Structure formats: C-alpha cells, structure tokens
Amino acid sequence: MSAFFIINYDVVDQNLYAKYNPGSNAITASTVAKHGGTILAASGSGIDIIGQQGQIKVIIQFPNSQAAKVWLDDPEYAPAKAIRLAATDNINQYIVDGLAQ
C-alpha cells in the first residue's frame, strides 16, 4: 500500500534554507527516487481551508510507509535534512498510508 510523507513548515533563515532549496534539491530528489518515492508537491503556495499551515508544503509518495521512514533516515539525505531542520520552524511532519485498492 502506498504511503505519503507530508510536511509543512515555516522558513526562519532564508540564507541557510537556500542551501537546502535549491542547494540540496538534487540530493533530496535522488534519495527520494532511490527509495521508490515521487515528489508530488513542493510549494510555498496553497489555500488554507481550516487552520494555518506552514509556509512550505511538501507531499511525497512512497511505495509503503517503511520506504518513507527509511528515506527519512537515509545517510545520504542526512546533510540536506540537517540544513532543512536548522533553517525551519513550526514543522508538521507525518506519514499517511494510502487507501487500500
């Protein structure tokens, strides 16, 4: 069953964040693909319906929740992830299983 890694956050250090996006986009994309994932959305735009989400919203589809967890802990992704964590705040991050078909 597919799973979706979903995250939203606010950027608090623009200069540092630039080292993640666009600076580490190739690392992020290659490690996502390595674990069978596809980046479906990654944007600062969106419409808040109820509540207020973070400035940046990302949805990545993986073959299953285990693949998403392994990607998140991938040593190749770790340097990029560290930059993202240091440059952001108000982070909401979770993995949601897709519907059984």
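Student: Before I look at the sheet, what does it take for two strands to pair?

Tutor: Two strands pair if DSSP finds at least two bridges between them. Strands (E, at least two residues) and helices (H or I, at least four) are DSSP runs, numbered from the N terminus. In this structure, strand E1 (residues 3-11) pairs with strand E4 (residues 88-97) in the antiparallel sense over eight bridges. Within that pairing, Ile 6 stands opposite Tyr 94 in E4.

Student: Thanks! What should I know about the model itself?

Tutor: This is a predicted model, in which local features need pLDDT of at least 70 and side-chain atom pairs count only at pLDDT 80 or more, while totals for chains, interfaces and linings use all residues. Residues are numbered from 1 along each chain as its sequence is written, and side-chain values use heavy atoms, with hydrogens and water left out.

Student: What holds paired strands together, and in what order do the strands of this sheet come?

Tutor: Strands of a sheet pair through backbone hydrogen bonds, either parallel or antiparallel. Here four strands form an open sheet in the order E2-E3-E1-E4, with antiparallel pairing. Its edge strands are E2 (38-43) and E4, each of which pairs on one side only. From one strand to the next, the twist averages 10°, where angles run from 0 to 180 degrees between N-to-C directions and axes are lines fitted to C-alpha atoms, for helices over the stretch in contact.

Student: How many bridges join E2 to E3, and how many join E1 to E3?

Tutor: Five bridges connect E2 with E3, and there Thr 38 stands opposite Gln 61 in E3. E1 and E3 (residues 56-62) pair over seven bridges, again in the antiparallel sense; in this pairing Asn 8 faces Lys 57 in E3.

Student: Which helix packs on the sheet?

Tutor: Helix H3 does, touching E1, E3 and E4, and its direction makes about 150° with that of E4. Contact here means heavy atoms within 4.5 Å.

Student: Now the charged side chains. What counts as a salt bridge, and how many are there?

Tutor: A salt bridge is a side-chain nitrogen of Lys or Arg within 4 Å of a carboxyl oxygen of Asp or Glu. A search of the whole structure finds three. In one of them, Lys 34 meets Asp 74 at 2.8 Å, N to O. Lys 34 lies in helix H2 (residues 25-34) and Asp 74 in the loop between H3 (65-72) and H4 (78-87), so this pair ties together parts 40 residues apart in sequence.

Student: Which other residue does Lys 34 form a salt bridge with?

Tutor: Glu 76, with the closest N and O atoms 2.6 Å apart. That pair also links distant parts of the chain, 42 residues apart, since Glu 76 is in the loop between H3 and H4.

Terms used. Buried means under 20% relative accessible area, exposed over 50%, partly exposed in between (1.4 Å probe, protein chains only).
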